[in-house]
Amino acid sequence: MGRSGMNATAGVPIFEVGLLFLFFYFYAPEIICLSLTGVLQVANRQMGSMAFFTHHFCRGLSSSAVRSAVIKHVTIIGGGQMGAGIAQVAAATGHSVTLVDTCEDILKKAVKGIEGSLKRVVKKKYADKPEAGEEFIQKVLQNVSTSTDAGSAAQGSDLVLEAIVENLKIKQDLFGHLDKLAPAHTIFASNTSSLPISDIASSTDRQDRFGGLHFFNPVPMMKLVEVIGTSATSQETFDALFNFSKELGKTPVSCKDTPGFIVNRLLVPYIMEAIRLHERGECFCHGSKEDIDIAMKLGAGYPMGPFELSDYVGLDTMKFIMDGWSAKDPDNLLFTPSELLNKLVAEGKYGKKTGEGFYKYK
């Protein structure tokens, strides 16, 4: 599937929880070639045609590598909820998966979580065939291996996908390290929902083989995947990521490398405006957070209100996104920070995961 208008610029943690789920369910040699081309052009303008040839020859080599590679061996960096969910759907569709994290205990917990999720699937899908269900579980688990050595895992992968902490430098350092170890054909991708893919890819020499794959949580249930290409992402790479998403049984959509891509760009401002409405309501009677949640559930048909959703997402995550977007576009009123949100985060009240956010859960 081709991309239209993919030559976009950057965007700004992740919604490690599936925003769309909560909304509707509860309801790389390339850069070297570019540099070489630039040097030739500056050195001698009369050799422009040679520079052009060099650039496209190099890109052709990398594109051919991607075109001939079938994504069968996948390395997923990050054994959290997102990483484990992606590992599950990839393994369930016949892919060989290596799940990587820094700690064996995290990996054991991730595999246990995958097994538990598969049992829930089997309970519904194989209700009358328990033996077939158990066989399915074992078959999927056999496709999953774990490792604490990302470099070693990347050496045998067709795709390396990270789902780690939403920190640009950490992601850049990870891919910069793996870029030196992964085979030439290996595609790199990030599961970020807010950081610019182009900024993450800048730490590598395979920017033509770098893209975004933004899944939604819980991954086994959520059908959507946002596939993001940068101005440097080759068409072959984008197509490979798009087709891989389809192989997982997902519905991919093409996105530009802009803040929040599609879903978060629409959803986060909605949540923030609800928070501001509540802030103003303390003085002008615009309603309590409970009123606002009820109004959106009963009036708009949403499964959760914006404050319930914020607590589920994580207020620290909300603040991180808004801080990043506000820094990039300080004049955009949609990205105006919230004093109430900042106060709750400063107090360590992140939402459901800490037991208290806008609501109390203990």
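**Cysteines, helix packing and local backbone features**

Cys255 has a relative accessibility of 2% and counts as buried, where buried means under 20% relative accessible area, exposed over 50% and partly exposed in between (1.4 Å probe, protein chains only). The structure is a predicted model, in which local features need pLDDT of at least 70, side-chain atom pairs count only at pLDDT 80 or more, and totals for chains, interfaces and linings use all residues. Residues are numbered from 1 along each chain as its sequence is written, and side-chain values use heavy atoms, with hydrogens and water left out.

Cys103, with a relative accessible area of 28%, is partly exposed. A disulfide is a covalent bond between the sulfur atoms of two cysteines. In the model, a disulfide is taken as a pair of cysteine sulfur atoms within 2.5 Å, and by this rule the count comes to 0 disulfides.

Helix packing comes next. Two packed helices are described by the angle between their axes and the distance between the axes. Helices (H or I, at least four residues) and strands (E, at least two) are DSSP runs, numbered from the N terminus. Axes are lines fitted to C-alpha atoms, for helices over the stretch in contact, and angles run from 0 to 180 degrees between N-to-C directions. Angles under 35 degrees count as roughly parallel, over 145 as roughly antiparallel, 65 to 115 as roughly perpendicular and the rest as oblique.

Helix α5 (residues 104-125) and helix α6 (residues 130-142) have axes that come within 10 Å and cross at roughly 150°, which means that α5 is roughly antiparallel to α6. The crossing of α5 past α6 is right-handed; a crossing is left-handed if the near helix is turned anticlockwise from the far one by less than a right angle, and right-handed if clockwise. On the α5 side, Ile114, Glu115, Leu118, Lys119 and Val122 meet Gly133, Phe136, Ile137, Val140 and Leu141 of α6, with contact meaning heavy atoms within 4.5 Å. The residues of this contact divide into 7 nonpolar, 1 polar and 2 charged. Here Ala, Val, Leu, Ile, Met, Phe, Trp, Tyr, Cys and Pro count as nonpolar, Asp, Glu, Lys and Arg as charged, and the others, Gly among them, as polar. Gln142, also in helix α6, is exposed, with a relative accessible area of 66%. The C-alpha atoms of Gln142 and Ser96 are separated by 8.6 Å, although the two residues are 46 residues apart along the chain.

His73 touches Ser96, Gly156, Ser157, Asp158 and Leu159, not counting residues up to four places away in sequence. At a relative accessible area of 39%, His73 is partly exposed. From His73 to Gly94, the C-alpha to C-alpha distance is 9.6 Å across a sequence separation of 21 residues.

Helix α12 (residues 289-299) packs on helix α13 (residues 306-313) at an angle of about 100°, with the axes 7 Å apart. That angle makes α12 roughly perpendicular to α13. Lys289, Ile292, Asp293, Met296 and Lys297 of α12 make the contact with Pro306, Phe307 and Glu308 of α13. By class, there are 4 nonpolar, no polar and 4 charged residues in the contact of α12 with α13.

For helix α14 (residues 315-328) and helix α15 (residues 339-346), the axes come within 9 Å and cross at roughly 130°, so the two helices are oblique to each other. The crossing of α14 past α15 is left-handed. Leu315, Asp316, Met318 and Lys319 in α14 meet Leu341, Asn342, Leu344 and Val345 in α15, and the residues of this contact divide into 5 nonpolar, 1 polar and 2 charged. Both Met318 and Leu341 are also touched by Met272, as are Met322, Thr336 and Ser338, not counting residues up to four places away in sequence. Met272 belongs to helix α11 (residues 263-284) and is buried, with a relative accessible area of 0%. Met272 and Leu334, 62 residues apart in sequence, are 7.9 Å apart in space, C-alpha to C-alpha.

Two backbone features complete the picture. Most residues other than glycine have a negative phi, and most peptide bonds are trans. Phe261, in the loop between β8 (251-256) and α11, has a positive phi, near 55°, and counts as buried at 5% relative accessibility. The peptide bond from Asn217 to Pro218 is cis, with omega near 0°; Pro218 sits in the loop between β6 (210-215) and β7 (224-229).
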